[in-house]
Amino acid sequence: MRYVMHRITEHPDTDVTFEAECLHCNWKATPSTESASVDVECMSHTGRSGHAGFRRISLDSSEG
């Protein structure tokens with residue numbers, strides 16, 4: 001049996017959208033193409049609510 005290392009990478013022509021959801025309530029960050037803005041929204045939510053767990057999502061899509 002042969003084992004081969006695989007790797008998933010983002011295509012350079014692909015747009016990536018970052019999202020986040022609170023694990024404690026129904027709050028969701030505004031989707032953005034910049035991960036830093038989603039991080040800031042998560043930190044603001046933590047400051048207001050005390051919730052510190054988030055599900056982070058990055059979606060890539062390309063039109064071809």
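Is Arg-55 buried, partly exposed or exposed? Arg-55 is partly exposed, with a relative accessible area of 45%. Buried here means under 20% relative accessible area, exposed means over 50%, and partly exposed lies in between (1.4 Å probe, protein chains only).

This is a predicted model, in which local features need pLDDT of at least 70, side-chain atom pairs count only at pLDDT 80 or more, and totals for chains, interfaces and linings use all residues. Residues are numbered from 1 along each chain as its sequence is written, and side-chain values use heavy atoms, with hydrogens and water left out.

Start with the charged pairs. Side chains of opposite charge can pair when their charged atoms come close. The criterion for a salt bridge is a side-chain nitrogen of Lys or Arg within 4 Å of a carboxyl oxygen of Asp or Glu. The structure holds three of them.

Arg-55 takes part in one, with Glu-21 as its partner, at 3.3 Å from N to O. This pair links distant parts of the chain. Arg-55 sits in strand β2 (residues 54–61), and Glu-21 sits in strand β1 (residues 15–22), 34 residues apart. Strands are DSSP runs of E with at least two residues, helices are runs of H or I with at least four, and both are numbered from the N terminus.

Glu-21 also meets Lys-28 in a salt bridge, at 3.9 Å from N to O. How accessible are these two residues? Lys-28 is exposed, with a relative accessible area of 54%. Glu-21 is partly exposed, at 23%.

Now move along strand β2 to Arg-56. Its side chain forms a salt bridge with Asp-39, at 2.8 Å from N to O. Asp-39 lies in helix α1 (residues 35–49) and Arg-56 in strand β2, so the pair ties together parts that are 17 residues apart in sequence. Both ends are partly exposed: Arg-56 at 46% relative accessibility, Asp-39 at 30%. Shared partners join Glu-21, Lys-28 and Arg-55 into one network of salt bridges.

Turn to the cysteines. A disulfide is a covalent bond between the sulfur atoms of two cysteines. The cut-off is a pair of cysteine sulfur atoms within 2.5 Å. A search of the whole structure finds zero disulfides. Cys-22 is buried, at 6% relative accessibility. Cys-25 is partly exposed, at 30%.
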